[in-house]
Amino acid sequence: MKTTGGTPVVFGKERIMNLHLTDNITVLKGIGDKTAALFRRMGVETVEDLLRFYPRDYDRIEKVSRIEDLKDNSRAVVRGTICSGVSERKTGRLVISFSQAADETGKLQLSFFNMPYIRKTLKKGALYYLRGKVSRRGNGFTMEQPVLLSPAEYERQQGRLLPVYPLTTGLNQKAVRKALQQAIEAVKKESGILPEILPPWLREKERLCGIAEALSGIHFPQGQEELVSAKKRLAFEEFLIFLLLVKKMKDSAEAVPNAYPMIETADTRRFLEGLPFRLTEDQARVWQEISGDMTGSYTMNRLVQGDVGSGKTVLAALSLLMAAANGYQGAMMAPTEVLAQQHAQTLREYTVRYHLPFRPVLLTGSMTAKEKREAYERIRTGDSNLIIGTHALIQEKVVYHNLALVITDEQHRFGVRQREVFSQKSRGAADNESGKALRMPHVMVMSATPIPRTLAVILYGDLHVSVIKQLPTGRQSIKNCVVGTDWRSRAWKFMEKEISAGRQVFVVCPMIEPSEESELENVEEYTEKLRAVLPAALRIEMLHGKMKPAEKNRLMHAFGEGMIDILVSTTVIEVGVNIPNATVMLIENAERFGLAQLHQLRGRVGRGEHQSYCIFINGSESDLAKERLEVLNRSNDGFHIAEQDLKLRGPGDMFGVRQSGILNFRIADIYQDADMLMLADGAAARITADAGWEEREEYRELSLYLQRSVRNNIDFPGI
Ligand code: ADP
Ligand code: MG
């Protein structure tokens, strides 16, 4: 049984089909071109993509609580009878409807935001199972946005773990669940569809369940145990694939002769002398390492790890300057448009102020077709020697004149494919015709995520690593506090005070918009709340990932110019943004973020001359959450925090805290699953010990899967 599919599958009784992993998902019932387009936006095109589209969380309905036993700030189900009519209040754009429910132990206030129709739905005297987040108000409790369930509906949901998927506008949970149910059903019925990629010896050794069991367990777990076992297997597998790819990169990158040799010129020295500060010792050492690489015999392949605010940008500028002064092009790639814009601005300022030989051009996805064409032309002819942009830099249409250096900021990784793409693009026009061998540009990856040494050795086995530990002197360290939600109004007062002193404020919420599935704070409602509570003169705006890039740029620019006082956003502002006048960072539901990520967020303040503050609001009662946040309270040292993150892993919050943004694995987490990473490293070493492993029968499916991963995902998790 070696084929990937091709076996007839019966769905219910109505349909017989041949399902292949590589089929487009439109072969599934209920998925037409329109839905398929929505899935494509989430990176799902084939049946295999769908099976690998893992839930971001699980929803489990709570047991019924008596009203007198409710706890502040918790999610609960109350079995209550509606005991009052519905009243309404308008504040700003918000309509709030109020009602009341009662059980034999007490009364509960209910409030609904922007749901005016609830007036008709809620019948006095009707019995409901009310589900939602409750918080203490005065001497009673209020449930916000309760979901109303009939007794029968509540019964049905008992004990089930329902998968919750990431969504895009137009796609809902039901549609994703339905599609996955079909795919999983097919896989379970016909084992030939889904080949096992892990060899038996490995599954036995690490006690990993089979692939069909794992996928069914991750999407529709029968219980916690099955979920844990599924996650274990999939995380292991993800690490293994990643490590096999790292190994490949290492093999292909080792000791590549320097195709773009450089010499030291006076430009870098003049730039250094002109700067209003001196490089820290760490910066100076790393600059020596970088220039040593580029003037040396082999192509640079370097990771520069430096804590937030350690001053990596100036090192990037120096490196790009060295390339330009040697007559080459250099490119700087950022993960977001906002960051690309910011780098472009900084580098343009440097160019003018220090008379640098840069001819910069910006290239981002949101530029018009005409603007892009002009940029392509300047890049192709060599008219520009400094190219700053987003992923648009590796798109097909871009041809470089003589690209000698590529820097990625806040990327953590640079994939095999990306490196290949750049080397194809960077052969000069003349070489193109004569068909000379590819010339690999120097690569420098900058990351602000301090990764503990033990893990860095494994994750970055293919790169030389430079570390900047020192922060520039003269910075005031950020003052932290970790508080409960009851402290919120005081935090708002404090923000108001800082704003009246001329400063600016960031607020971060984990969610974009309200949803029935989550009680976490969301940007939309939070912005409304702040606008309602704080003086009308304050300029409060929101920013999140669903907005158009142009709109995001406009807002970030306005914030940078001091035209906005409070920016309420999701973690989109997490990376790299430099707004020295912002002095307060308020993070809601801080317990939902990884420590390293929180440290990144905190790094958005404390970048200027003013004392800065970070307020972590802990929306959970758990001791582990408290202990984790305490680490941030006590320390501003990213490396120390990363080490602690490793130590304080709790098996309980399997999906609670994920470090999005850091080596974006789909399911594995380098901190929480660190032990799995070590095991996978051992396995990868054992497999690759045999140079011809990819041809061996027992690794056939594994190597096929590896090839598919490289081919399909330029942005393979973390790479
Ligand atoms: P990050 O490493 O987080 O990317 P940046 O490169 O944005 O940090 O630097 C943060 C700020 O520190 C910038 O305003 C930069 O000009 C400044 N800076 C960098 N190096 C030094 C230094 N050696 N001394 C003083 N300030 C510095
Ligand atoms: Mg930076």
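Which helices and strands do the buried residues of α21 pack against? The points below work towards this in a predicted model.

1. Helix α21 covers residues 623–634, which is 12 residues. From its first C-alpha to its last it reaches 16 Å, close to the 16 Å expected at 1.5 Å a residue.

2. The buried residues of α21 are A625, R628, L629, V631 and L632. Viewed down the helix axis, these buried residues fall within an arc of 135 degrees, so they line one face of α21. An α-helix has 3.6 residues a turn, so residues three or four places apart point the same way. The face of α21 turned away from the buried side carries the exposed residues D623 and R634.

3. To answer the opening question, the buried residues of α21 pack against two strands, β19 (479–484) and β24 (613–618), and two helices, α20 (595–602) and α22 (638–647).

4. The largest nonpolar core has 82 residues. F39, L50, L51, L240, L459 and L702 touch the most other members. Helix α8 (residues 224–253) gives the most to this core, with 14 residues. Leaving out residues up to four places away in sequence, L50 touches I25, L28, F39, V44, A179, L180, A183 and H219. Another core, of 41 residues, lies apart from the largest one and includes I290, V314, Y354 and L356.

5. D59 sits in strand β3 (residues 57–60). Is D59 buried or exposed? D59 counts as buried because its relative accessible area is 15%, under the 20% cut-off. The side chains of D59 and R131 are joined by a polar contact of 2.9 Å.

Note on methods: Residues numbered from 1 in each chain as written. Chains lettered and ligands numbered in written order. Predicted model: local features only at pLDDT ≥ 70, side-chain atom pairs only at ≥ 80, totals over all residues. Heavy atoms only, no water. Helix = DSSP H or I, 4+ residues; strand = E, 2+ residues; numbered from the N terminus. Expected span 1.5 Å × (residues − 1). Buried < 20%, exposed > 50% of the residue type's maximum accessible area, 1.4 Å probe, protein only. Arc of directions from axis to C-beta. Contact = heavy atoms within 4.5 Å. Polar contact = N/O pair within 3.5 Å; in protein donor to acceptor, adjacent residues only side chain to side chain. Core = buried A, V, L, I, M, F, W, Y, C linked by side-chain atoms within 4.5 Å.
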